[in-house]
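Please look over the notes below alongside the structure. They cover a surface patch and then the pockets.

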Amino acid sequence: MSPPVNVHSLRTRKRRDGAEPIVMVTAYDHPGATIASAAGVDIILIGDSVANTVLGYQDTLQVSVDDMVHHVAAVARARPDCLVVGDMPWMSYHLDPADAVRNAARLVRAGAQCVKLEGGRRRVPVIEAIVNAEIPVMGHIGLTPQSVHAMGGMRVQGRQLDAASELLADARAIEAAGCFAVVVEGVPDALGRAVTAALSVPTIGIGAGPDCDGQVLVFHDVLGLGTGRAPKFVRRYANLAEDAVKALAAFAADVRSGAFPSVAESYEASEQLRAALDPGRRAEKSPGALE
Ligand code: KIV
């Protein structure tokens with residue numbers, strides 16, 4: 001097993017140099033973080049995907065810095081044995097660098113060790129400002145869900161050569177601005193490979209093919225906790241939603257039939273209390289007890 005990940009050790013973790021692939025998963029709360037940590041992941045991302053997976057929104061544009069602080073703090077309280085990355089929500093880093101630094105600092109004070117933000121060259125000033133405030137930044141390029149409207153929907157990016165070249169330029173620019181790792185989402189496998197080859201910091205892919213330096217998936221997708229149709233790049237390792245429905249239906253049936261709770265699942269009263277509370281027994285056993 002690799003030693004625990006921190007930003008310093010991660011910055012140079014490239015598969016081409018023989019490093020083990022990086023494992024990242026999202027988590028949004030204390031039990032999720034405890035499970036991910038026990039599974040030995042390298043990085044937990046408190047993603048703004050909390051919007052879709054937990055809060056029931058259609059897109060990630062609905063979550064605020066306050067929402068993210070709440071979820072980062074819940075994850076941090078689990079003291080996971082891995083790197084904790086807080087996702088900067090839409091509009092928390094788009095106005096000006098000072099505002100972005102303040103918002104990044106709120107995530108750090110809630111327990112994140114670094115932050116992630118979406119976008120390429122136009123994010124360079126913001127990335128530099130946050131890095132200058134001693135907060136490490138993970139980049140995120142390709143299919144960036146916060147740009148859903150600008151992209152005209154959640155579509156694979158960089159399919160044409162000119163778009164692929166733009167994306168490579170974005171990757172190089174955000175690395176130069178100080179990102180210690182870059183998430184590459186929703187691009188053809190050859191582009192995931194090209195970005196990984198072009199950068200000296202690691203890439204972490206999601207729908208970017210097998211050649212990135214690591215892979216990330218959403219907690220609810222890996223565990224089959226989601227309700228909607230999962231994207232093509234998701235591999236489900238469990239069907240917890242189905243199991244949960246079965247378990248809750250069994251609980252409901254037991255309550256309705258009287259099979260739950262049993263004597264073993266109840267707190268036994270002392271004979272004295274029983275006699276005092278039960279009029280029938282009181283007449284028999286303790287004439288002077290409570291009415
Ligand atoms: O919010 C999120 O879950 C993410 C991952 C998909 C990388 O940004």
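1. Start with the surface. Leu248, Phe251, Val255 and Phe260 make a nonpolar patch of about 380 Å². Patch residues have over 30% relative accessible area and no salt bridge, and nonpolar side chains are joined within 5 Å. A salt bridge is a side-chain nitrogen of Lys or Arg within 4 Å of a carboxyl oxygen of Asp or Glu. Areas come from the Shrake-Rupley method with a 1.4 Å probe.

2. The model is predicted: local features need pLDDT of at least 70, side-chain atom pairs 80 or more, while totals for chains, interfaces and linings use all residues. Residues are numbered from 1 along each chain, and side-chain values use heavy atoms, without hydrogens and water.

3. Phe251 sits in helix H10 (residues 240-257); helices are DSSP runs of at least four residues, strands of at least two. Phe251 is partly exposed, at 43% relative accessible area (between 20% and 50%).

4. The largest pocket holds about 1,200 Å³ of space. Among its 47 lining residues, Met154, Glu185, Asp221, Pro231 and Phe233 are the closest to its centre. A pocket is an open set of 1 Å grid points where a 1.4 Å probe fits, with protein on both sides within 12 Å along at least five of seven lines; lining residues have an atom within 4 Å of a point.

5. The lining of the largest pocket comprises 19 nonpolar, 15 polar and 13 charged residues; Gly counts as polar.

6. The second largest pocket has a volume of about 570 Å³. Helix H7 gives the largest share of its lining, four residues.

Methods: Patch = residues over 30% accessible without salt bridge, like charges linked within 9 Å, V, L, I, M, F, W, Y side chains within 5 Å. Buried < 20%, exposed > 50% of the residue type's maximum accessible area, 1.4 Å probe, protein only. Points joined across faces, edges and corners; volume = space filled by probe spheres on them.
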